[in-house]
Amino acid sequence: MSKEIEHWHCNNCETDNSNSLNECEVCGSIPPQFIDFSCICHNINESSLCKCYVDNADSLLLQVDDNKPFELFKNEIPLDIKKPTVLTLIAPNNITERRKSIQVEIEKPSIQIFEVSEKSILKGESVSVKWKVLNAEYCAINGAEKSCEGEENINASKELIIKATNSAGEESQSLRLTIYPRPIISFKASKQKLHAGKGEKVEL
């Protein structure tokens, strides 16, 4: 979503012009022209590229939400965006100052991989769990906090649940395991009296 101020004021002839006009309707002065102002957040754990291309501007300033604007020295800059953010590009010249705002949205987490080495195990055994999550601020497996990507042995339960959250929402997946009881092995010794006559052999 983008938004521009509806009018721009020409300092040359003190005329208010519609924002759709690319030159002053009275004196013909040319204001800054927005060419490309965009920013897309694909993954909150990586920098997002903000493009700021404007013609006929003496300088460029960028404002992030309600923070103080800062001057830009490049047309493309990386930004760390963790939540929905409003970016405002300020482009002044000797004729006027124009502003344009865009809303940068973020997507909910995406669980790319969640798998186990075995789905049928004996009670008390562990399984190797592998996972990979994108765009998450917090990730947990069965309530235990994890990094967004990893592989480790985890004590098995009937169900493994991975949850990933960020400011846009939560995603989860589950895996059900079959757990068999361990076999019980018992030994029973029997007492038996052996009798042998003199000179006889007894085979055991």
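1. Contact here means heavy atoms within 4.5 Å. On that basis, residues 24 or more positions apart account for 49% of the contacts in the chain with a separation of 6 or more. The model is a predicted one.

2. As to secondary structure, the chain has 19 strands and zero helices. Its length is 204 residues, of which 32% count as buried.

3. The largest nonpolar core holds 20 residues; Phe37, Cys50, Leu62, Leu87 and Leu89 are the members that touch the most others in it. Two or more residues each are given to this core by strands E4 (33-39), E5 (48-55), E8 (76-79), E9 (85-92) and E10 (97-104). Apart from it lies another core, of 17 residues, including Val116, Val133, Leu160 and Leu175.

4. Leu89 deserves a separate entry. Leaving out residues up to four places away in sequence, Leu89 touches Phe34, Phe37, Cys52, Val54, Leu60, Leu61, Leu62 and Leu72, and also Arg98, Arg99 and Lys100.

5. Gln33 is a polar case to check. Gln33 lies in strand E4. Its relative accessibility is 15%, so Gln33 counts as buried, the cut-off being under 20%. A polar atom of the Gln33 side chain is 3.0 Å from the backbone oxygen of Pro31. With residues up to four places away in sequence not counted, Gln33 touches Asn22, Tyr53, Val54, Asp55 and Arg98. Val54 and Arg98 are also among the residues that Leu89 touches.

Terms used. Residues numbered from 1 in each chain as written. Predicted model: local features only at pLDDT ≥ 70, side-chain atom pairs only at ≥ 80, totals over all residues. Heavy atoms only, no water. Core = buried A, V, L, I, M, F, W, Y, C linked by side-chain atoms within 4.5 Å. Buried < 20%, exposed > 50% of the residue type's maximum accessible area, 1.4 Å probe, protein only. Helix = DSSP H or I, 4+ residues; strand = E, 2+ residues; numbered from the N terminus. Polar contact = N/O pair within 3.5 Å; in protein donor to acceptor, adjacent residues only side chain to side chain.
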